[in-house]
Amino acid sequence: MDKKVLYMTTIPVGIAINAIGGQIATFLKLPIFLDSIGTVLSGFLLGPVGGALVGFFTNILLGFILDPSYIPFSIVNIVIGLVSGYVAVKHGINLKNSVIVGLVLAIIAPMVGTPIAVYLYGGLVGGGVDLLTAVFLHSGQDIFSSAFLARIPANLVDKLLSCILVYYIIKPFPKDILSELGVKVN
């Protein structure tokens with residue numbers, strides 16, 4: 001299979017997975033995001049550039065279609081694609097690496113996303129994570145600490161779930177096709 005064909009098919013699929021997952025989480029007011037599964041999938045299959053492209057275009061597209069507030073958070077999704085793609089290229093894809101990527105992203109995503117949420121939106125973004133932010137605010141934390149602390153458990157569950165799910169999606173792919181694409185699944 002040609003890498004160009006994989007890019008042309010995986011990128012739109014990744015964007016669709018992100019959009020659907022994110023809308024499910026928003027609609028159900030879940031305290032997780034579910035909007036980066038397609039980014040991790042693309043990072044694992046296409047490497048850092050492919051993952052970053054999916055992250056970027058997901059948020060830009062949702063920003064134009066649904067709500068412009070998605071656009072600044074494209075930075076978070078780009079970082080998710082870069083990290084997941086880098087680890088996949090350098091160390092291969094296995095359950096251990098998927099868990100490690102999930103844990104790393106659970107720290108990096110709030111570090112990148114919290115300043116955006118606080119400085120552009122006052123710390124509240126209209127999702128389920130706002131409930132956790134309110135709990136921390138009520139306990140006496142300032143808005144930045146509240147928004148950051150609320151995003152840690154949300155991202156821990158979200159990113160671990162995303163990375164492990166993607167591993168199990170990719171694992172049954174035929175080894176010869178993955179090898180031809182340069183994807184190492186252990």
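Tutor: Start with a term. A pocket is an open set of grid points with protein on both sides within 12 Å along at least five of seven lines. The model here is predicted.

Student: What volume does the largest pocket have?

Tutor: The general idea is this. Rolling a probe the size of a water molecule over the atoms shows where empty space is left. In this structure, the largest pocket has a volume of about 600 Å³. Its lining has 29 residues. Those closest to the pocket centre are Phe-33, Asp-35, Tyr-70, Phe-73 and Val-125.

Student: Which helices each supply at least two residues of that lining?

Tutor: Five are on the list: H1 (3-27), H3 (48-65), H4 (74-91), H5 (95-121) and H7 (143-170). H1 gives the most, with 4 residues.

Student: Now the record. Which residues does UniProt list for "transmembrane region"?

Tutor: The unreviewed UniProt entry lists 6-28, 40-64, 70-89 and 101-123. Check such a range against the model's helix content. Over residues 6-28 the chain is 96% helix and 0% strand. The end C-alpha atoms of that stretch are 32 Å apart. Residues 40-64 also come out at 96% helix and 0% strand. There, the end C-alpha atoms are 22 Å apart.

Student: Next, H2. How many residues of H2 are buried?

Tutor: Buried means under 20% relative accessible area. In H2, 10 of the 10 residues are buried, so this helix is largely enclosed by the rest of the structure. The buried set runs Ile-37, Gly-38, Thr-39, Val-40, Leu-41, Ser-42, Gly-43, Phe-44, Leu-45 and Leu-46.

Student: What covers the buried residues of H2?

Tutor: The cover includes H1, H3, H4, H5, H7 and helix H8 (175-180). After H2 comes Gly-47, whose phi is positive, near 90°.

Student: How do I read the largest nonpolar core? Which of its residues touch the most other members?

Tutor: In soluble globular proteins, nonpolar side chains tend to be buried together. Here the largest nonpolar core has 33 residues, and Phe-44, Ile-93 and Ile-170 touch the most other members. H1, H2, H4, H5 and H7 each supply at least two residues of this core. H2 brings the largest share, 6 residues.

Student: Which residues is Phe-44 in contact with, leaving aside neighbours within four places in sequence?

Tutor: With those neighbours set aside, the contacts of Phe-44 are Ser-84, Ala-88, Ile-93, Ser-98, Val-101, Cys-163, Val-166, Ile-170 and Val-183.

Student: Which values of phi do Lys-29 and Leu-34 have?

Tutor: Look for a positive phi in a residue other than glycine. Lys-29 has phi near 55°. Leu-34 also has phi near 55°. Lys-29 counts as partly exposed at 48%, whereas Leu-34 is buried at 13%.

Student: One last residue. Is Val-49 buried or exposed?

Tutor: Val-49 is in H3. Exposed means over 50% relative accessible area. At 55% relative accessibility, Val-49 counts as exposed. From Val-49 to Thr-26, 23 residues apart along the chain, the C-alpha separation is 27 Å.

Note on methods: Residues are numbered from 1 along each chain as its sequence is written. This is a predicted model: local features need pLDDT of at least 70, side-chain atom pairs count only at pLDDT 80 or more; totals for chains, interfaces and linings use all residues. Side-chain values use heavy atoms; hydrogens and water are left out. On a 1 Å grid over the protein atoms alone, a cavity is a set of points where a 1.4 Å probe fits but cannot get out, and a pocket is an open set with protein on both sides within 12 Å along at least five of seven lines; lining residues have an atom within 4 Å of a point. Grid points are joined across faces, edges and corners, and a volume is the space filled by probe spheres set on the points. UniProt positions are given in the numbering used here, feature names are shortened, and annotations may be inferred rather than shown by experiment. A nonpolar core is a set of buried Ala, Val, Leu, Ile, Met, Phe, Trp, Tyr and Cys residues joined through side-chain atoms within 4.5 Å. Buried means under 20% relative accessible area, exposed over 50%, partly exposed in between (1.4 Å probe, protein chains only). Contact means heavy atoms within 4.5 Å.
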